[in-house]
Amino acid sequence: MSDNTPRQPRIGVYLPSYHLPEEAPPDARALSDYARRAEELGFDSLWVIDHLFVAPPSYRVAYLEPLTVLTIAAVATTRVQVGTGILVLPLRDPVVTAKALATIDAISDGRVIFGAGVGWDPQEFAACQIERKTRGRRMDEMLDVMTGLWSNETFSYTGKHFRLDDVALLPRPVQARLPLWLAGGSVPGGTSKHITAQKGYAPERSLQRVARYGDALMSAYRSVPDGDATWLRQDRAILDRLLVDAGREPSTLRHTIQDHMYINLTGSDDEIRERVARFTYKPFEEIAPYYLLGTPETIIPKLQARLDAGLDEIAINFIDPDPAQLELFARHIRPQLRMN
């Protein structure tokens with residue numbers, strides 16, 4: 001007899017590894033406690049955000065270094081996957097980064113998800129002395145180098161940005177292949193008065209990269225303007241065609257999204273506005289159409305629309321670091337969500 005019980009979606013949560021510049025950053029104990037509580041409540045994955053600096057206009061907060069925080073999460077937990085969502089890869093050295101991620105995979109007994117993207121903040125590229133216009137080509141070469149180091153006893157490579165001669169990197173990851181989740185897809189401009197396209201960003205190129213290298217496409221919250229999941233479906237259709245052209249089976253590639261959320265049981269507009277103002281420089285009227293804000297009754301249909309568009313997993317960044325947000329989600333929202 002077949003089991004017709006609806007499947008619950010996979011839900012990940014970002015560690016609150018951020019703080020206002022004038023406030024103290026979270027310590028290792030707080031991050032460990034948060035990670036353990038998320039695991040106890042049944043979250044499937046833990047994530048870290050990567051920004052070198054406060055990043056106006058998007059974020060008012062400063063983030064801790066992501067791989068350090070991911071190590072804390074790996075040590076604090078036993079079951080959940082731990083991932084970079086996403087690592088701004090072109091700012092880094094591929095060999096050092098490959099070593100760090102392989103180490104975290106080893107100490108977590110094979111629970112790492114490698115999420116990466118090209119980044120956008122000009123000040124980060126300037127500070128790292130990387131030409132921003134080279135970020136796409138640089139990232140592709142880094143993916144070639146890192147996967148080569150993880151998959152071979154020794155690895156050589158010659159590219160425009162990197163060259164290696166017979167490099168042996170140990171330890172290699174516990175997993176035969178680190179799941180590679182690549183940021184990309186549409187950041188719509190014109191479908192909503194609140195959303196503008198990112199200058200110099202090419203959605204088609206990002207989807208081609210996913211088709212070539214990725215195990216999952218990780219869309220951004222900006223891909224769902226005003227709760228409209230049309231862009232998610234459109235990106236997935238384009239990606240499926242690219243996968244077929246590349247000789248890959250589309251069903252083997254996952255589609256996920258990163259969302260910002262604040263749960264408020266009373267629906268108090270003043271409280272929601274205050275929390276948003278602490279997290280981002282952008283005015284509330286610009287953020288409200290695509291952050292997930294308010295009561296469970298407000299948030300659930302928007303999350304379900306994402307799942308109905310074919311998403312496999314949703315990774316939530318609570319813009320309030322209070323672990324009570326985890327409890328509210330687990331009690332009031334997750335039980336109401338269903339996969340197709």
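Q: In this predicted model, which residues does histidine 260 contact once neighbours within four places in sequence are left aside?
A: Histidine 260 is in contact with Ile49, Tyr59, Tyr221, Phe279, Tyr291, Leu292, Asn317 and Ile319. Heavy atoms within 4.5 Å make a contact. Histidine 260 itself lies in strand E12, residues 254-263.

Q: Why is histidine 260 called buried?
A: Its relative accessibility is 0%. Buried means under 20%. Histidine 260 therefore counts as buried.

Q: What makes the pairing of histidine 260 and asparagine 317 a polar contact?
A: The two side chains make the contact at 3.0 Å. The limit for a pair of N or O atoms is 3.5 Å, with one able to donate a hydrogen and the other to accept it. The side chains of histidine 260 and glutamine 258 are also joined by a polar contact, at 3.5 Å.

Q: How do you know that the span of helix H1 agrees with its number of residues?
A: H1 has 13 residues, 28-40. At 1.5 Å a residue, they should span 18 Å. The end C-alpha atoms are 18 Å apart, so the two values agree.

Q: Which residues of H1 are buried, and what puts them on the same side?
A: The buried residues are Leu31, Ser32, Tyr34, Ala35, Ala38 and Glu39. They cover an arc of only 160° around the axis, so they sit on the same side of H1. On the other side, Arg29 and Glu40 are exposed.

Q: What do the buried residues of H1 pack against?
A: They pack against strands E1 (10-14), E3 (45-48) and E14 (313-318), and against helices H2 (66-76) and H11 (324-333). Glycine 42, with a positive phi near 95°, follows H1.

Q: Which elements each supply at least two residues of the lining of the second largest pocket?
A: Strand E2 (18-19), H1 and helix H8 (269-279) do. The lining has 17 residues, and Pro16, Tyr18, His19, Glu23 and Pro321 lie nearest the centre. The volume of this pocket is about 230 Å³.

Q: Why is glutamine 175 called buried?
A: Its relative accessibility is 17%. The cut-off for buried is under 20%. Glutamine 175 therefore counts as buried. Glutamine 175 is found in the loop between E9 and E10.

Q: What does the side chain of glutamine 175 reach?
A: It reaches the backbone oxygen of valine 112 at 2.9 Å. Not counting residues up to four places away in sequence, glutamine 175 touches Asp105, Gly110, Arg111 and Val112.

Q: Why is arginine 172 called partly exposed?
A: Its relative accessible area is 30%. Partly exposed lies between under 20% for buried and over 50% for exposed. Arginine 172 therefore counts as partly exposed. Arginine 172 lies in the loop between strand E9 (163-167) and strand E10 (180-183). Beyond neighbours within four places in sequence, arginine 172 is in contact with Ala102, Leu149, Trp150, Ser151, Asn152 and Glu153.

Q: What makes proline 56 partly exposed?
A: Its relative accessibility is 43%. Exposed needs over 50%, and buried needs under 20%. Proline 56 lies in the loop between E3 and strand E4 (62-63). Leaving aside neighbours within four places in sequence, proline 56 is in contact with Trp120, Gln123 and Tyr281.

Conventions:
Residues numbered from 1 in each chain as written. Predicted model: local features only at pLDDT ≥ 70, side-chain atom pairs only at ≥ 80, totals over all residues. Heavy atoms only, no water. Helix = DSSP H or I, 4+ residues; strand = E, 2+ residues; numbered from the N terminus. Expected span 1.5 Å × (residues − 1). Buried < 20%, exposed > 50% of the residue type's maximum accessible area, 1.4 Å probe, protein only. Arc of directions from axis to C-beta. 1 Å grid on protein atoms, 1.4 Å probe; cavity = no way out; pocket = protein on both sides within 12 Å on 5 of 7 lines; lining within 4 Å. Points joined across faces, edges and corners; volume = space filled by probe spheres on them.
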